[in-house]
Amino acid sequence: MNLAACHFPLFVITFSALLATVPIANAQPAGTNYDESKVPKFTLPDPLILANGKPVTDAATWTSTRRPEILKLFQSHEYGKSPGRPANLRFETRSVDNSALEGKAVRKQISALLTGDPNGPRMEILIYLPKQANGPVPAFLGLNFSGNHSIHSDPGIRLSTRWMRPNAEAGIVNNQATEASRGSSSSRWPVEKILARGYGLATVYYGDIEPDFAEGWKMGIRSVYPSAKQDGDFAADDWGAIGAWAWGLSRVLDYFETDTRIDQNRIALLGHSRLGKTSLWAGAQDERFGIVISNNSGCGGAALNRRHFGETVQRINTSFPHWFCQNFKLYNENEDALPLDQHMLIALVAPRPVYVASAEEDQWADPRGEFLSALNADPVYRLLGKEGLGVGEMPRVNTPVGTTIGYHIRTGKHDVTDYDWDHYLSFADRHFERAK
Ligand code: GTR
């Protein structure tokens, strides 16, 4: 199919709201397709057909053979290969306050020394736990965009000293956070609500793992691995920034294994937008994540590449050349050649619960493409004895659906809202057996 034929004039949709929340330039060029009738015809690769052409008809074959095959496809063609846990990884407790947030919470701040070297790469983990807890608590984990101190105005959170994208309005001046940035993203992190529901919350600034710009790897974890030492001459299937951020999330799980106040078997991983892509990739690789939540993750996340609707593979690889592995660029305007699509990423989470959420005004992220990924992952869930999505049609706005695969499209823009959180909390209640 000639995908070049899929360039169409921009249809009239207002994206100012989307742009307002996006921290860096994401030009939405003329020619972006927002017309459903102009989505090309495509055939998705079947997650339940083995590389040798035979069908997968039982759970054991999925687990032993097909799942590893698909994981490898994503490593080779999209996100690249990541290393494992570093031998010298160490955690140091910076502070514990047993009476934070007016006595409602325990606040812990932990430094993860990623190579064991106090002068080497590190990430700072902020953790809130409900004060009243009988035994280890389930917890949500998510990377944040603007520093741990941005999620709440709590003056006890250590102000990030790391590189930040300048944003005067959000209190980031000369690439540094100032006191004015405290709580700047608090609308996305309803900490008190999460605690009141009996969950802990852990977060890390994604820039601790790798600052988000093309040369950012030089200041992050990728700089200490051999491929990068050749001055950024990454192999075609080496990890990109999304791989690095996902790797950092697994290191938080390594920390949880050492903390008796957190139930490491009940961790819900959540991410928004580029960090939603990251959550899906982290959850696909690391089966210790109990639930995986993609909030408005779009292209390179939940949205199907082949739909060529909103942001495309070519667009994302051009705007963000550092996010994916080099091989992913082979699929610019060439999505049909991909041996995978994003429904297979969701299938890699199976049989664990996964939630995909879209926003009506977030057409750049292709809500329908996000829903169709969830739908096309459903056969894998059913093979594994789970109910999956349970519907065949995209639901109306503000009408969540699904059982082991959850999905909603809410009214409003590209963002994380209380509405989203309410459904993630209920989804976690159901799957972590915390029926109310
Ligand atoms: C945009 C990008 C999207 C999404 C978003 C975000 O610029 O085109 O893929 O990741 O950023 O992370 O906010």
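1. Helix α12 spans residues 418–431 in this predicted model. Its 14 residues reach 20 Å from the first C-alpha to the last, close to the 20 Å expected at 1.5 Å a residue. The buried residues of α12 are Asp420, Trp421, Tyr424, Leu425, Phe427, Ala428 and Asp429. Glutamate 433, which follows the helix, has a positive phi, near 55°.

2. Strand β8 covers residues 262–272 and is mostly covered, with eight of its 11 residues buried. Strand β8 pairs with β4 and also with β9, as set out in the next two points.

3. Strand β4, residues 137–144, runs parallel to β8, and four bridges join the two. In this pairing, leucine 141 stands opposite leucine 269 of β8.

4. Strand β9, residues 291–295, pairs with β8 over five bridges, again in the parallel sense. Here alanine 268 stands opposite isoleucine 291 of β9.

5. The protein is divided into two domains: domain 1 comprises residues 3–77 and 297–414, and domain 2 comprises residues 90–266. Their centres, taken over C-alpha atoms, are separated by 27 Å. Domain 1 contributes 13 residues to the contact and domain 2 contributes 17 residues.

6. About 1,100 Å² of area is buried between domain 1 and domain 2. Carbon and sulfur atoms give 59% of that area.

Terms used
Residues are numbered from 1 along each chain as its sequence is written. This is a predicted model: local features need pLDDT of at least 70, side-chain atom pairs count only at pLDDT 80 or more; totals for chains, interfaces and linings use all residues. Side-chain values use heavy atoms; hydrogens and water are left out. Buried means under 20% relative accessible area, exposed over 50%, partly exposed in between (1.4 Å probe, protein chains only). Two strands pair if DSSP finds at least two bridges between them. The expected span of a helix is 1.5 Å times one less than its number of residues. Domain bounds come from an automatic or database domain assignment. Contact means heavy atoms within 4.5 Å. Buried area is the accessible area (1.4 Å probe) that two parts lose on being put together, summed over both.
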